[in-house]
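Subject: Structure for your review

Dear colleague,

Please find below the sequence and structure that I am handing over to you. My notes on what was found follow directly after.

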Amino acid sequence: MPATQRPQEEGDRQKWHQQKNSNHLFPSISWIELAFYFISFWTGCFYSLYRFYSISQSWGPYLPVTLVQDSWFGVRQDQTDLEWFVWIPIILSYAPWGLVHVVLAQLIRKWCPEHLCSFYVVFSVCITVQLIGGVGTALCFIVPSIMFVVLLTRLKLIIWLTWCCLLILFNTQFFIKYLEFWLDEIPDVDYKVSVMVAWIILRSLSFSLEICDTDPEGQLRPLPLLTTLLGYCLYLPFLCTGPYMPFTDFQTGLAEPYRTWTLKRVAGVGLQVIRFLWWMGFTQFLLYQFYAPSLHFMPQLMKKMSSWSMAGFVYFLTAFLQLKYVVLYGLPSVLARVEGYDPPRHPRCTLMTYRFSDVWRYFDHGLYRFMLKHIYIPWVGSEPSMVRQLQGTALVFTFVYVWHGVTTQIFWWATINFFGVVAEKIGDHISRMSAYEALESRWLPGAWQRRFHGLLAVFLYVPSLTALVIFISNLDNAKAIGHRIFISGFPQCTLSIFFFMFCLGQCSMELQNWKIRQKIKAKQS
């Protein structure tokens, strides 16, 4: 595959975005009004966090939190988030091996780069045998091998069906129980294997689809192709926690020449490591103060919270989710960049995002690129109709549902997000109609148009938060929060939530205006 493919892919994607998204500025409002929105929103956020902090500390003795001795941060820590407290200790304990991996990979890249993928496979096997045992390591080979055999047909439909069957199989209770019987007695080994295999299945799919596009006649030799697939799937920095890096990016990184190390480069890497370690320490500190993850297991307590405490609970869930993946994606990405790869950027803060669809674009950029390139654009085409866009969106969220696990909780999360994106697309379609533009220009001049759009955005923000609670917490907690907002807390709680979401929308629009102006300045310069 040529090294220029990624720039071409990036250009095609940007061209498609330019066709779909206009970089038009929202109407301006006075700085006094904007300051009112900004101060109101953040005052509400910090006050709700304070109320949630107070109730966390008072309920601490009754929650499933862990007593911690000799800690500067506190005496109790919420250690119930499995993802955080499984992978963070692994990242820290295997950090020296990550350094060895980088040094050896740099030497191989300099002297014999053709063996780089073979090195990735061998080195990762040495780590996975200790981490998940022999059976788990064997599964890490079996899954891409199955996908490779299917790839030989060069039929995308069969590749997609195989991916779907493998992913669903690894999510069935029958297979999980059967797998637990064979796995080695290692703490949380079933969870570790399921996560690692899920990433491997996605990378195998990415590899297979790209090869179908670049080598449809099957002219590439099978053995080097299999070695590249295994090297991509078992690449150590992304083996456990991600992020997902498209195969085109991996291929481009493989072709990068060895770069001489300088003091400036070493200092840059050190600063990046310190940056993500700081966020790790800050997140650990927050779990001493706020016990949101433990409330997943005690939904009856949610109903006893005040409305302000509930709001603080939801806000903390949003912040914790982002911080968690900033660390889990950020630290492995540092190692990948040192080796010459360009992994997807870590999650951006989606709280100040105006558009519903931008949450998906900016949180997990690698997964978003995969869905856009291999699902949405191939189905919708370069000149999409509204029907095609809705069908493409349905296919994307079907993929999201299968990828994250075929459960009731994931179904409702994906469904709410699907209807949110659909509502946004329909709104965009209506706003581009000449009759609507004339009507809006007549009745909503200037800033009133922006206020009206902010009001409409509220009806997307609230479902988005509900979906987030379903995904991070559970259905019972989401029902309790929804009942408080729209039934038991009506009208005070309902109107308060809508007011703060309106303020958030106005702040998000101003941030979007600032980004557009920066792009315009960059182009002019």
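In which loop is R154 placed? R154 belongs to the loop between helix 5 (116-151) and helix 6 (156-169). Please bear in mind throughout that this is a predicted model.

**Backbone features**

R154 deserves a note for its backbone: its phi is near 60 degrees, a positive value in a residue other than glycine. Most residues other than glycine have a negative phi, and most peptide bonds are trans. R154 counts as buried because its relative accessibility is 14%, and the cut-off for buried is under 20%. A second residue with a positive phi is D188, where the angle is near 55 degrees. D188 is found in the loop between helix 7 (173-182) and helix 8 (189-214). With a relative accessibility of 38%, D188 counts as partly exposed.

The bond from G242 to P243 is cis, with omega near 5 degrees, and P243 lies in the loop between helix 9 (222-233) and helix 10 (247-254). The bond from F490 to P491 is likewise cis, again with omega near 5 degrees. P491 has its place in the loop between helix 20 and helix 21.

**Aromatic residues**

A search of the whole structure gives 51 aromatic pairs. In one of them, the ring centres of Y37 and F502 are 5.5 Å apart and the planes stand at 80 degrees, so the pair is edge-to-face. This pair links distant parts of the chain, since Y37 is in helix 2 (residues 31-59) and F502 is in helix 21 (residues 492-524), 465 residues apart. Both Y37 and F502 are buried.

How are the rings of F52 and F313 arranged? Their centres are 5.8 Å apart and their planes are at 70 degrees, so this pair is edge-to-face. It too links distant parts of the chain: F52 is in helix 2 and F313 in helix 13 (residues 307-339), 261 residues apart. F52 counts as buried, at 0% relative accessibility, and F313 counts as buried with 0% as well.

One aromatic cluster is formed by W97, F119, Y120, F123, F207, Y232, Y235, F238, F247, F250 and Y341. Charged side chains also meet aromatic rings. The charged end of R265 sits over the ring of W261, 3.8 Å from its centre, and K515 lies over the face of Y362, at 5.6 Å from the ring centre.

**Cavity**

The count comes to one cavity of 30 Å³ or more. The largest cavity has a volume of about 30 Å³. Which residues line the largest cavity? The lining consists of R203, Y232, Y235, F238 and M245. Sorted by class, the lining has four nonpolar, no polar and one charged residues. Among the lining residues, Y232, Y235 and F238 also belong to the aromatic cluster named above.

**Salt bridges**

The structure holds eight salt bridges. One of them joins D81 and K324, whose closest N and O atoms are 3.3 Å apart. D81 lies in the loop between strand 2 (76-77) and helix 3 (82-93), and K324 lies in helix 13, so the pair ties together parts that are 243 residues apart in sequence. Both D81 and K324 are buried.

K324 also meets E83 in a salt bridge, at 3.1 Å from N to O. This pair again links distant parts of the chain, with K324 in helix 13 and E83 in helix 3, 241 residues apart. K324 counts as buried, at 5% relative accessibility.

A further salt bridge is formed by R450 and E510, with the closest N and O atoms 3.0 Å apart. R450 is in helix 19 (residues 447-472) and E510 is in helix 21, so the pair ties together parts that are 60 residues apart in sequence. Are the two partners buried or exposed? R450 is buried, with a relative accessible area of 0%, whereas E510 counts as partly exposed, at 24%. Finally, salt bridges that share partners join D81, E83 and K324 into one network.

With kind regards

Methods
Residues are numbered from 1 along each chain as its sequence is written. Side-chain values use heavy atoms; hydrogens and water are left out. Rings of Phe, Tyr and Trp (its six-membered ring) pair if their centres lie within 6.5 Å; planes under 30 degrees apart count as stacked, over 60 as edge-to-face and the rest as tilted. Helices (H or I, at least four residues) and strands (E, at least two) are DSSP runs, numbered from the N terminus. Buried means under 20% relative accessible area, exposed over 50%, partly exposed in between (1.4 Å probe, protein chains only). A charge sits over a ring if NZ of Lys or CZ of Arg is within 6 Å of the ring centre and within 35 degrees of the ring normal. On a 1 Å grid over the protein atoms alone, a cavity is a set of points where a 1.4 Å probe fits but cannot get out, and a pocket is an open set with protein on both sides within 12 Å along at least five of seven lines; lining residues have an atom within 4 Å of a point. Grid points are joined across faces, edges and corners, and a volume is the space filled by probe spheres set on the points. Ala, Val, Leu, Ile, Met, Phe, Trp, Tyr, Cys and Pro count as nonpolar, Asp, Glu, Lys and Arg as charged, and the others, Gly among them, as polar. A salt bridge is a side-chain nitrogen of Lys or Arg within 4 Å of a carboxyl oxygen of Asp or Glu.
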